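Please view the sequence and the structure before reading on.

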Amino acid sequence: MSESSEIKHSIERRDVLKALMLAPVAGAMLASTGCAWVSESNKQPTRWTRLPTQYSYARTDVEKQRDAELFAETFFREHELVTIAVLCDIILPSDHENGGALAAGLPDFVEFMAKDREHYKLPLRGGVAWLDNYSLDNFGARFVEADIEQQLAICDAIAYPDVQDEALQPGIAFFSLMRNMTLTGYYTTELGFRDLGYVGNTPNIWDGVPDEVLARHGKTYDAEWLTKCVDQSRRNITAEWDDEMNLIT
Amino acid sequence: MADKEYDIIVVGSGAGGGMATYQLANAGLTVALVEAGGFYDPAADEQRTQLRNPWESPRRGASTRRRPFGDYNACIGGWDLDGEPYTQKGDTEFMWWRGRMLGGRTNHWGRISLRFGPLDFKRRDIDGLGENWPIGYEDVKPYYDKVDKLIGVFGSNEGLYNDPDGFFLPAPKPRLHELYYIDGARKLNVPVYPARKSMLTKRINDQRGVCYYCGQCSRACSIHADFSSSTALIYPALRGGKVDLYTDSMVREVITDASGKATGVSYINKKDKKEYALKGRIVVLAASACSSARILLNSKSAQHENGLGNSSGHVGRYLHDSTGASRAAFLPELMNRDIYNEDGVGGMHVYTPWWLENAALDFPRGYHLEIGGGMGMPSYGFGFAANQYNEYLGKRVGGYGNGLRDDIRRFYGARLSIACRGESVPQFDNYCELDPTVVDEWGIPVLRFNYQWTDYEINQAKHMQDSMEALLEASGGILLGDKPGVERNYGLAKPGEIIHEVGTTRMGLDPKTSVTNEFGQLHDANNVFVVDAGTFVSQADKNPTWTILALSWRASDYIAEQMKQQNI
């Protein structure tokens, strides 16, 4: 995709985003707690699915207490959080059938992880500040108040780790961190599972690689190996052996 | 129950303690099972992490200090416990993992269940290093056989001399990346076989379920289809009515009388913070190699000035862990692969046991290879460096936008990894001892570690790296990351990091150079036994659990027999 079409694409995306403000956010799992976050500091309201602040996932008492303390804390200032939201939205846009970073509640996830992992706090806070400094130097406005074309020009400058320009290295490090957070935060939601086509994490019976997949990869199971493998039709028959260590059931 | 005198007090509920409890209670003896952590059953929904989706955790399964292997890992414990420190001497970097729960570390282990072979008990005869065990494979074989049948282990009989056959359940079929490994290994004439692991691919009784292939054994199984001490041994023992379970009970010392024999243990109830005593005719320590050593060293009396069982000064000595190193590769042939459920059992379906002769190599002792890869469930960390493999395709790394979705999809599951686990040579100078000044929050002196790898392990790690490179490339992989060189000990894991620490109360014939006899019975007090991996004379290139179970059963039979004969 050429740079100009990328920008045009993104402008269309922003229109879609505006439309999203009026419609329920995609992703039933997260939308149940969805509500709007409208920043006065941002020219264009940005909203995202709010993530739950109550979780039940087999914690010990001290773990429960730790989570509660993290949720009671607020780390990012509003401007920082909105900047993260705009950046996440550029990294994984909303104009997709499986939703994007905002539908997956990315800003809330980044906020939580920053509190959970102390070593993220400074790179994230400092990264947002660097982004604003760079944007002010080049376009006379902070990142979220710059035009979409200007925002994308900044991202183009810092989105590729092979760029050698020393002055850009802090921005490149920050963008890489934000790309990691955005993708991990998205693909660990129901939206991300759908986007990937993930089908595991459920009781099933493993009976080997499907035949058509084996064929596609030019692989076969050799007959001798298969004699050592479980016959799934007999899995519920209680195991018995003869004295020579042979399974006989 | 304070005035009750038990026949047996078992300290610790992991593999060794679970087996001793099960066997001794079944022999009709009354047992107090004392565990420093809380009750645990993965079948209880409030303790179930299995089959949870990543978004059920606010950190999406990321690790924490309290769950170093991730939010959903079953093990409550870790390297760094609240209020229970340990210290290091000099530049030692020993990592000590402790489980604090019913079943201990058997709740999260890899279930790799390998018998030691005939050579593994007699290494000194082969290379002149370390010490022979006072027993041989023929002594332990009947117990391995019984453990196989009682607990269940899949695998295959291959007739390998030092990787003996067993009573195996059938193995799961290899996954696609494992087929690539099999072909790669065969090209290099490296053998590869079905893995040997204690998950029930077939029913063994009416109490435990049959594996439903979620691949999450590390989260503990809610249908009890994998082995953990609690699900396979302790719950059945509790149902027999002979066992009283004391949880959240931290044993401080073994109490001895004027004759030097044990009369029970003292412990701190973590709930009310008070100290209590339990009376017993026999004390069986199974708190883990280092924790049992710590209890013995803290059990000082006029009769046992250096700590119980330590007249030889050998308690804590010969501490050793498995060696470990790993490497990964990008497998281009698995790009854009078909997506289907290949969760299988937790971890590998195939493995390579040690296949070379050390006489031709510059290090003693071998290692086995564990194979990893596949289309795992996304959790925290998934998508990091999403398109780093672009550099091998002549495409640019980085960027943003919906194209990242294609990158994620293209590279999903296109990875093959190998982890090596090997045998180190036990050293007298690698040991744990009591720190002279530091205590834990219960006021109990803590352990201080002294441990350095030798050239034996470092040279072995170098060989591991060469083997992994050759095998990954033969499998069609493009190696990832740099090959660690001598400056990083060839990627050799820190001591303790593989969580196979053994040897601190080793068994032997000579009371001057060993702590227990072949049954784990202290030379210095005949009614105190050790049934964890502390008694191991050497580790073998095998995971220790199956041998802990076999030796604990063997010790339990001996205890019951000796009590019947009124010898103890």
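**Pocket and interface**

The second largest pocket has a volume of about 1200 Å³, the volume being the space filled by probe spheres set on grid points joined across faces, edges and corners. A pocket is an open set of points on a 1 Å grid over the protein atoms alone, where a 1.4 Å probe fits, with protein on both sides within 12 Å along at least five of seven lines. The model is predicted: local features need pLDDT of at least 70 and side-chain atom pairs pLDDT 80 or more, while totals for chains, interfaces and linings use all residues. Residues are numbered from 1 along each chain, and chains are lettered from A in the order in which they are written.

**Pocket lining**

- The lining (residues with an atom within 4 Å of a point) comprises 43 residues, and A:T60, A:D61, A:V62, A:E63 and B:I76 lie nearest the pocket centre.
- Helix α3 of chain A (residues 61-72) supplies the largest share of this lining, seven residues; helices are DSSP runs of H or I, at least four residues long.

**Interface of chains A and B**

- Chain A contributes 95 residues and chain B 96 residues to the contact, defined by heavy atoms within 4.5 Å.
- About 7900 Å² is buried between the chains, with carbon and sulfur atoms giving 59%; this is the accessible area (1.4 Å probe) lost on being put together, summed over both parts.
- On the chain A side, A:W206, A:W225 and A:M245 lose the most area to chain B, together 11% of what that side buries.

**Salt bridges**

- Between chain A and chain B there are 11 salt bridges (a side-chain nitrogen of Lys or Arg within 4 Å of a carboxyl oxygen of Asp or Glu).
- B:R59 and A:D67 form a salt bridge through their side chains, at 2.8 Å from N to O.

Methods:
Heavy atoms only, no water. Buried area = accessible area lost by both parts, 1.4 Å probe. Helix = DSSP H or I, 4+ residues; strand = E, 2+ residues; numbered from the N terminus.
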